[in-house]
Amino acid sequence: MISAAKPDRPPLGEPVVEIEGLHKWYGQTHVLRGVDLAVRDNEKVVILGPSGSGKSTLIRCINGLEPHQEGSVKVTGVEVDADTGQAAAARRKTGMVFQQFNLFPHLTVLENCTLAPMWVRKVPRKRAEAEAMALLERVQIAEHARKFPAQLSGGQQQRAAIARALAMQPEIMLFDEPTSALDPEMVGEVLEVMTELANAGMTMIVVSHEMAFARQVADRVIFMDEGEIVEIAPPDEFFTAPKHERSREFLSRIL
Amino acid sequence: MSTPYRAPPKQSALQWAKANLFATVGDTLLTLVVLAGVLWLSWTVFDWAILRADWVGETKADCTSGGACWAMVTARWRQVVAGYYPEGHLWRVAAAMVFMALAILPIVIRKLPPWTLALSPLAVVGAFAVLGGANILPRVPTDYWGGMFLNVLIGVSAAVFALPLGVLLALGRRSSLPVVKGFSILFIEFVRGVPLITLLFMSSVVLPLFLPAGVSFDKLIRALVVVTLFSAAYMAESVRGGLQAVPKGQREAARALGLGPFRTTTLIVLPQALRIAIPAIVNTFIGLFKDTSLLYVIALLEVTGVMRQALADFSWQGLEAEAYAFVAIVFWIACFAMSRWSASLERQRGPRTRVEEPA
């Protein structure tokens, strides 16, 4: 599979996410139908596809939020859908950002970012808070650290959610339509944070319909339809000359 | 140029009254009739209960002014408050009330960390120890306990145990383990399906039949257990309502951060669920406190029982109105206080409970 880093970035490393022959059913519905995908260290992948194509399910399988029935999903070589400490450790190498933010409404922004480090990574409170403040600084909402999520705008909440995921020091960041629930004027600030993260060398798998972001940031664009990967191509190629009929049809509908 | 700011139009009290009370001839008539009715009723009650009331006396014959005969309550004041608890030991009742206050402190003062709730059962044990004697103080059998303090004792003790039990049952009912889930559903549905009064009779009459000879539990302890289990079943459903209101995304976010099921429940789901369930939980507390009045059917002399005993006394016969009005006021004050407290809890915690709405 073609995968070369964008010219201004460090070269891609070893594969860190390896998906082979992945099948998943919800009851009788066959939502993933034999997905194969390898994502390399430092690579940025954007997944496109019509709703119901299985793209959210796919990235939810990568951090074990969804179990699968056939095939394997490995993070740094370890199957994530298993009930072992090793699998849990592998899952912890992924961080997830949700469409609906899913911040904890009963905790402040700072507490949202320190809870998991303190309880899971066993970081002392002082250090967890210092780390969290540095991350909130990075996503530019440090001045809102003591506020509750409900007091923030959608864009600020999503940036806080990114900081919360980063606080667990993941090697791979998963984004499930991170800007779909936002008012249009707030999309930019979230994409800006994600671009900065990409430039800093984070491995990222992003389900998104933000074409400009995909063009600018993605090493590869993956087009999914009806539970399978239809086309994988560098963004320039995909957007200008899609090879597959279904890709062309999809692009003609959204562009 | 933008439109300048303008304050919203104001309505004077007079305008409001005209619009809402005296808009038409029919409205005016209705307003006046209802107003007259309310005034007449208030005056009648006030006149009977306060103005023409007799406050002290030895028997009903001492009540001569034609109003309420509160002498019945004042003459038996000690029974009303503490039943037949021995005169020289009333300080122990006061001490028990202090323990009760300590038991509810973690719920009332929200600055206290949540783990202090775990100390509440200890406070309840302390109250029972000081009242019963615990082999240190002279023993006072539970037959002598009574009055309002008994309502508070049973009400608070049952609440202290029913809340954690209800939380466990609610979690159990949503558990993926079939045995835990099955037991929780069975317990909740059985207890909710049977009247409390029936359970109380069963505990005092039926239960001893099944216990080996010589084994018996104190009547009061049996009653406490029954009231606790009964409230726990209702509490479980209140808490379950809160659990269902916490969006699925909260659990997923916690899981994605590496939190295990236990920490996800205790740190993320339960704090939100309990806040959402505050009105339902307090509702259960209020119901529980009022249910303590049923204890008189198994011959525990709580405040209703004390008043009924007074009515059976020849000196006070025929004063049902006063007896039940007094009991009603006692319960109303306690329950209204709980209701206000619940409202203030909701206000304090309101903004925090807001959950992101799906777009």
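Both A:F223 and A:F250 are buried, a term for residues under 20% relative accessible area, with exposed meaning over 50% and partly exposed in between (1.4 Å probe, protein chains only). The model is predicted: local features need pLDDT of at least 70, side-chain atom pairs count only at pLDDT 80 or more, and totals for chains, interfaces and linings use all residues. Residues are numbered from 1 along each chain as its sequence is written, chains are lettered from A and ligands numbered from 1 in the order in which they are written, and side-chain values use heavy atoms, leaving out hydrogens and water.

**Aromatic pairs**

- Rings of Phe, Tyr and Trp (its six-membered ring) pair if their centres lie within 6.5 Å; planes under 30 degrees apart count as stacked, over 60 as edge-to-face and the rest as tilted.
- Over all chains, this rule gives twelve aromatic pairs.
- One of them is the tilted pair of A:F223 and A:F250, with 5.1 Å from centre to centre and 40° between the planes.
- Because A:F223 lies in strand β9 (residues 220–225) of chain A and A:F250 in helix α9 (residues 245–254) of chain A, the pair ties together parts that are 27 residues apart in sequence; helices (H or I, at least four residues) and strands (E, at least two) are DSSP runs, numbered from the N terminus.
- The pair of B:W332 and B:F336 is stacked, because the ring centres are 4.8 Å apart and the planes are at 10°.
- B:W332 and B:F336 are four residues apart in helix α15 (residues 320–353) of chain B, and so are separated by about one helical turn.
- B:W332 is exposed, at a relative accessible area of 55%, while B:F336 is partly exposed, at 38%.
- One aromatic cluster is formed by A:F223, A:F238, A:F239 and A:F250.

**Charges over rings**

- The charged end of A:K24 is placed over the ring of A:Y26, 4.7 Å from the ring centre; the rule requires NZ of Lys or CZ of Arg within 6 Å of the ring centre and within 35 degrees of the ring normal.
- A:R164 lies over the face of A:F104, 4.5 Å from the ring centre.

**Interface of chain A and chain B**

- The contact (heavy atoms within 4.5 Å) takes 29 residues from chain A and 24 residues from chain B.
- One salt bridge is found across the interface of chain A and chain B, the term meaning a side-chain nitrogen of Lys or Arg within 4 Å of a carboxyl oxygen of Asp or Glu.
- A:R60 forms a salt bridge with B:E252, and their closest N and O atoms are 2.6 Å apart.
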